[in-house]
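Look at the sequence and the 3D structure below. The report that follows takes up single residues, then helices, then the chain as a whole.

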Amino acid sequence: MAWQVLSALFLLAMGGIHLYLALTNVSGVLGILFILNAVGTLVLAIAMIVLRGGLLLLASVLSLLFMAGTLLALVLALTVGLFGIGETLHGQLVTTALVVESIGVVVLLVTIALLLRGRRAA
């Protein structure tokens with residue numbers, strides 16, 4: 001349960017970063033995508049806490065894919081650009097987002113591994 005809560009907290013942190021940026025700094029299509037990201041992380045964080053069994057494993061895998069995809073989008077924006085948008089490490093909360101999303105991916109991987117180990121033991 002501790003890893004589920006930790007996973008949910010990292011999802012909420014990622015969503016919080018995107019919501020803050022959407023409300024203070026980012027507009028247009030990217031702002032809308034950031035708000036959708038925040039909503040998605042809220043739904044996934046709730047799922048990580050309330051679901052059990054196979055549905056929890058599914059929510060964990062979806063959360064991992066969502067967070068890894070968000071991290072990949074940021075890395076692409078930092079390197080080659082994404083949808084015509086470029087980003088730098090000096091951008092608002094970019095470094096924070098990189099750290100939160102990278103650690104979040106690792107936390108979700110551990111959560112999934114523990115869930116799979118628990119299924120095998122049962």
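Predicted model: local features only at pLDDT ≥ 70, side-chain atom pairs only at ≥ 80, totals over all residues.

Is Val106 exposed, partly exposed or buried? Its relative accessibility is 49%, and the exposed class begins only over 50%, so Val106 counts as partly exposed.

## Helix α4

Helix α4 runs over residues 94–121, which makes 28 residues. From its first C-alpha to its last it reaches 40 Å, close to the 40 Å expected at 1.5 Å a residue.

Which residues of α4 are buried? They are Val94, Ala97, Leu98, Val100, Glu101, Gly104, Val105, Val107, Leu108, Thr111, Ile112 and Leu115. The cover over these buried residues includes α1 (2–24), α2 (28–50) and α3 (53–79).

## Helix α3

Helix α3 has 27 residues. The distance from its first C-alpha to its last is 39 Å, close to the 39 Å expected at 1.5 Å a residue. Just after α3 comes Gly81, with a positive phi of about 95 degrees.

The buried residues of α3 are Leu56, Leu57, Ala59, Ser60, Ser63, Leu64, Met67, Thr70, Leu71, Leu74 and Ala77. What do they pack against? Their partners are α1, α2 and α4.

Met1, Trp3, Val5, Leu6, Leu9, Leu12, Leu42, Ile46, Val50 and Leu114 make a nonpolar surface patch of about 860 Å². Which helix gives the largest share of the patch? That share comes from α1, with five residues. Both α1 and α2 supply at least two residues each.

One member of the patch, Met1, lies in the segment before α1. Its relative accessibility is 53%, so Met1 counts as exposed.

## The whole chain

How many helices and strands does the protein chain have? It has four helices and zero strands, and read along the sequence the pattern is α-α-α-α. The radius of gyration is 15 Å, close to the 14 Å that the globule rule gives for 122 residues, so the chain is as compact as a globular protein of that length. Taken along the principal axes, the box filled by the C-alpha atoms is roughly 50 × 25 × 20 Å.

Of the 122 residues, 38% count as buried. The chain exposes about 6900 Å², and carbon and sulfur atoms supply 76% of that area. Among contacts with a separation of 6 or more, 68% are between residues 24 or more positions apart.

How values were computed:
Residues numbered from 1 in each chain as written. Heavy atoms only, no water. Expected span 1.5 Å × (residues − 1). Buried < 20%, exposed > 50% of the residue type's maximum accessible area, 1.4 Å probe, protein only. Contact = heavy atoms within 4.5 Å. Patch = residues over 30% accessible without salt bridge, like charges linked within 9 Å, V, L, I, M, F, W, Y side chains within 5 Å. Areas by Shrake-Rupley, 256 points an atom, 1.4 Å probe, with all protein chains shown as cover. Salt bridge = Lys/Arg side-chain N within 4 Å of Asp/Glu carboxyl O. Rg over C-alpha atoms; globule rule 2.2 N^0.38 Å.
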